[in-house]
Amino acid sequence: MKRKTIFALTASFVLAACSQNPFTGKKTLALVPNSQILPMAFQQYDQFLTENKVITNTADANMVKNVGRKIATAAERWLNANGYAGYLKDYKWEYNLVQDDAVNAWCMPGGKIVVYTGILPVTKSETGLAVVMGHEVAHALANHGQQRMSAGQLQQIGAVAGNVALSDNAEAQQIFNTAYGVGSQVGVMLPFSRSHETEADKIGLTLMAIAGYNPDEAPELWKRMKAKSGGQAPPEMLSTHPSSDTRIKNLTAWAGDAKAEAKKFGVTKFK
Ligand SMILES: [Zn+2]
């Protein structure tokens with residue numbers, strides 16, 4: 001008994017100091033802990049919603065909430081099955097459709113998702129939307145946003161965290177929004193690295209499959225996205241998520257693995 005308790009204490013100490021991300025398997029040192037980042041994200045998210053037109057009670061708005069809930073449930077189920085129950089206990093999932101022609105979507109830490117109406121003609125179906133939302137949620141779960149900040153930027157955010165409202169510090173606010181892909185102004189869009197994109201694709205594919213959506217649709221979505229890149233106004237989504245034939249090839253190759261993972265959760269039929 002006693003030995004077990006000591007082991008548990010030691011394990012939780014190690015976890016806090018340098019936590020291994022269950023989704024990427026990588027050990028990352030969170031310089032600004034979730035306890036400080038999450039309240040900032042919640043505050044920024046609420047501010048974004050007050051400054052933009054949120055669509056409610058339409059078929060599309062309900063679809064966004066429905067897909068979001070299923071992706072979130074898939075993430076929780078996967079974590080519970082892999083020994084990480086409670087990992088997302090501080091998440092406050094929210095899924096909103098915002099009136100904006102931008103072909104974009106993002107997820108802040110803590111599960112705060114925005115889908116722009118402009119992306120719906122590209123996602124086309126509930127499954128297409130699940131591809132995008134699975135991918136965005138995956139970026140949040142893999143903690144990519146914070147990894148995109150430089151040491152100096154993290155220090156700046158860290159200094160603001162817990163003291164002043166982020167909205168009182170324009171510079172810190174911009175660092176935060178850029179890191180999490182918020183905003184559609186040209187010039188502040190920062191592309192995710194290729195390795196982050198690959199991680200998000202892989203995790204997102206598994207999540208959508210566990211949620212009951214056909215992972216074979218993922219490469220199709222990115223083909224449609226890519227087809228729009230040649231025009232006068234390329235999708236904002238592509239500025240933050242640069243696409244390539246490699247992505248489409250990878251997603252096609254990984255769809256089978258995602259289905260096999262879903263089968264472990266009793267999911268064998270896909271929408
Ligand atoms: Zn991405």
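Which residue in strand 6 is the bridge partner of Trp106? The partner is Val114. This is a predicted model.

- Four strands make an open sheet in the order 3-4-6-5, and their pairing is mixed.
- Strand 3 and strand 5 are the edge strands, each pairing on one side only.
- In general, strands of a sheet pair through backbone hydrogen bonds, in either the parallel or the antiparallel sense.
- Strand 4 (residues 94-98) runs parallel to strand 6, with 5 bridges between the two.
- In that pairing, Tyr116 of strand 6 stands opposite Val98.
- Strand 5 (residues 105-108) is antiparallel to strand 6 and is joined to it by 4 bridges.
- Cys107 has Ile113 of strand 6 as its bridge partner, while Trp106 has Val114.
- Strands 5 and 6 form a hairpin with 3 residues between them.
- Gly110 lies in the turn of this hairpin and has a positive phi of about 95°.

**Burial of strand 6**

- Cover comes on both faces.
- Lys112, Val114 and Tyr116 are buried on one side.
- Ile113 and Val115 are buried on the other.

**Helices against the sheet**

- The sheet, with its strand order 3-4-6-5, has strand 3 and strand 5 at its edges.
- Helix 3 packs on the sheet and touches strand 3, strand 4 and strand 6.
- The direction of helix 3 makes about 150° with that of strand 4.
- Helix 5 also packs on the sheet, touching strand 5 and strand 6.
- Its direction makes about 30° with that of strand 5.

**Helix 5 with helix 10**

- Helix 5 packs with helix 10 (residues 217-227) at an angle of about 85°, and their axes are 9 Å apart.
- The two helices are therefore roughly perpendicular.
- Helix 5 brings Thr127, Gly128, Val131 and Val132 to the contact.
- Helix 10 meets them with Glu217, Ala218 and Leu221.
- By type, the contact residues are 4 nonpolar, 2 polar and 1 charged.

**Helix 9**

- Helix 9 covers residues 194-210, 17 residues in total.
- From first C-alpha to last, helix 9 reaches 25 Å, close to the 24 Å expected at 1.5 Å a residue.
- Of its 17 residues, 13 are buried, so helix 9 is largely enclosed by the rest of the structure.

- Asn57 has a phi near 60°, a positive value in a residue other than glycine.
- The loop between strand 3 (54-55) and helix 3 (59-81) holds Asn57.
- Asn57 counts as exposed because 6 other C-beta atoms lie within 10 Å, and the exposed class takes 12 or fewer.
- Asn143 likewise has a positive phi, near 60°, and is a residue other than glycine.
- Asn143 sits in the loop between helix 5 (126-141) and helix 6 (144-148).
- Asn143 is partly exposed, with 19 other C-beta atoms within 10 Å.

Note on methods. Residues are numbered from 1 along each chain as its sequence is written. This is a predicted model: local features need pLDDT of at least 70, side-chain atom pairs count only at pLDDT 80 or more; totals for chains, interfaces and linings use all residues. The expected span of a helix is 1.5 Å times one less than its number of residues. A residue is buried if 20 or more other C-beta atoms lie within 10 Å of its own, exposed if 12 or fewer, and partly exposed in between; C-beta atoms are placed from the backbone. Axes are lines fitted to C-alpha atoms, for helices over the stretch in contact, and angles run from 0 to 180 degrees between N-to-C directions. Angles under 35 degrees count as roughly parallel, over 145 as roughly antiparallel, 65 to 115 as roughly perpendicular and the rest as oblique. Two residues are in contact if their C-beta atoms, placed from the backbone, lie within 7 Å. Ala, Val, Leu, Ile, Met, Phe, Trp, Tyr, Cys and Pro count as nonpolar, Asp, Glu, Lys and Arg as charged, and the others, Gly among them, as polar. Two strands pair if DSSP finds at least two bridges between them.
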